[in-house]
Amino acid sequence: SAQIVWTWRLWDHLVQDFDATKLNFGSVNSHPELVNLNYVNTGAGPATVPDWTHLNSVVYNVSLDQILLSAHNFDEIWIIDHSTSSTTASGHSGGKYKKGGDLLYRWGNPLAYNRGTSKDNKLYEQHDPEWITAGKYKGQIIVFNNGAVRPTGMPGSSVDVINPPMDSAGYYTSPGSGIYGPSLLSWTYPPVLSTSFLAPLMGSVQVLPNGNVLIDNPNVGKFFEIDSTNSIVWQYVNPVCNGAPVAQYAPAISNVVYRCEFYPTSYLASSGLKLEPGKEIESNPIPTTCTTPPPNTGSPLLTLQRGQISVYPNPSGDIVTIETTEKSAIRKILVMNITGRVLQTAEGITYKTQLNISKLADGMYLLMTEDVNGVLTQTKLLKQ
């Protein structure tokens, strides 16, 4: 009936050490379960910006009866108790976890509660923390760590998994006079930070029922799925820019997508729906006008003028060379079979590289290159 049945307000759970004559005065350091009214993350904007916390996501865990929040401008994730009534949620005691509406757990930036140092920061303007419901890290928390304000020498975004410490009764372990753990990540992607994966704004991540991880790199409108070996097994680039489909072979610019989410075919809202395919918005990007030179001549099978990419020799043996005549470097190479399954990848390369494809069986493959501007070029590659 659209009636409000439960409420939690951050304003009921503050602490400040600025003015003893005002409400909520106390030691910030001694009350990590409360939120420092005067905390300002200078990396997220000046103190005059009214967007103080910027809670950019809310997730409910039915088994724990808890709510997970992402406090973007605090570089933290927060967990609160949902088992309370609205009245109890405004206080500091009661509920399943005996803390009323105070924070049960927080993680990412201990400076927000006047503990630790900048070296203890783990999150940087993060998005979309979620509890993991399947796979190796079931019950842990995964988060898209944007990383736009990481310290110098730590470029790029990451997807991080943490295992919040709990005692045997299911309560989050108190940090005492220290900081909330864990100090180490359970898992992270990519293993080495790189500017080739950088999303200053937005983003999402989800662990799928098969244990793979679905990631939205929002600023380039790219969704991709990785398996347990960090191999890309599926990807999709949003072809809609500024409200209209992009022209075939044109670079996808302004195709930002805030978040993507996987829904199984059994999802309740899909029951009884009939999805009708519409008109294609992009024609088949596989080149159909290739010309084949004599075998083993070393001359390119195909050079696409749009990206100035040469692939030779083609047909190839165990080693193939990929080269661009432009100054912009090749950012990524994907080798796929004809069904689109990614078999081999290479990243962080230059304008010219040699790729060892000796493990591939003889046959026809698709070789996709992406330059630093996000321009994609696809070529047929024959291995024999």
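Which backbone nitrogen lies 3.1 Å from a polar atom of the side chain of Asn 314? It is the backbone nitrogen of Leu 382. The legends below describe this site and several others in a predicted model.

Figure 1. Along the chain, Asn 314 and Lys 380 are 66 residues apart, while 8.8 Å separates their C-alpha atoms.

**Figure 2. Gln 140 in the loop between β7 and β8.** Gln 140 has a relative accessible area of 11% and is therefore buried, the limit being under 20%. Its side chain forms a polar contact of 2.6 Å with the side chain of Ser 186. Beyond four places in sequence, the contacts of Gln 140 include Glu 130, Trp 131 and Ile 132, as well as Val 161, Ile 162 and Asn 163. Ser 186 is also one of these contacts.

**Figure 3. The pairing of β7 with β8.** The two strands run antiparallel and are joined by 3 bridges. His 127 has Phe 144 in β8 as its bridge partner. Because 5 of the 5 residues of β7 are buried, this strand is largely enclosed by the rest of the structure.

**Figure 4. The largest nonpolar core, with Val 159 among its members.** This core comprises 22 residues. Those that touch the most other members are Ile 142, Val 159, Trp 187, Tyr 189, Val 213, Ile 215 and Ile 226. Elements giving two or more residues to the core include β8 (141-145), β9 (158-162), β10 (187-189) and β11 (204-207). Among the others that do so are β12 (213-217), β13 (222-226), β20 (330-336) and β23 (363-371). Apart from residues up to four places away in sequence, Val 159 touches Ile 142, Val 143 and Phe 144, together with Trp 187, Thr 188, Tyr 189, Val 205 and Ile 215.

**Figure 5. The open antiparallel sheet β11-β12-β13-β14.** The sheet consists of 4 strands in this order. At its edges are β11 and β14 (232-237), each of which pairs on one side only. The angle between neighbouring strands averages 15°, direction ignored. Within the sheet, 5 bridges connect β12 and β13 in the antiparallel sense. Val 213 stands opposite Ile 226 in β13, and both residues are among the core members that touch the most others.

**Figure 6. The open antiparallel sheet β3-β4-β5-β6.** Here too, 4 strands make up the sheet. The edge strands are β3 (55-61) and β6 (105-107), and each has a pairing on one side only. From one strand to the next, the twist averages 15°. Strand β4 (residues 66-71) and strand β5 (residues 76-81) run antiparallel and share 6 bridges. The bridge partner of Leu 69 in β5 is Trp 78.

**Figure 7. Residues 285-307, where pLDDT stays under 50.** For this segment the model has 47 contacts beyond four places in sequence. Over the protein, pLDDT averages 85, and 88% of the residues score at least 70.

Key. Residues are numbered from 1 along each chain as its sequence is written. This is a predicted model: local features need pLDDT of at least 70, side-chain atom pairs count only at pLDDT 80 or more; totals for chains, interfaces and linings use all residues. Side-chain values use heavy atoms; hydrogens and water are left out. A nonpolar core is a set of buried Ala, Val, Leu, Ile, Met, Phe, Trp, Tyr and Cys residues joined through side-chain atoms within 4.5 Å. Buried means under 20% relative accessible area, exposed over 50%, partly exposed in between (1.4 Å probe, protein chains only). Contact means heavy atoms within 4.5 Å. Two strands pair if DSSP finds at least two bridges between them. Axes are lines fitted to C-alpha atoms, for helices over the stretch in contact, and angles run from 0 to 180 degrees between N-to-C directions. pLDDT is the predictor's confidence in each residue, from 0 to 100. A polar contact is a pair of N or O atoms within 3.5 Å; within protein, one must be able to donate a hydrogen and the other to accept it, and residues adjacent in sequence count only if both atoms are side-chain atoms.
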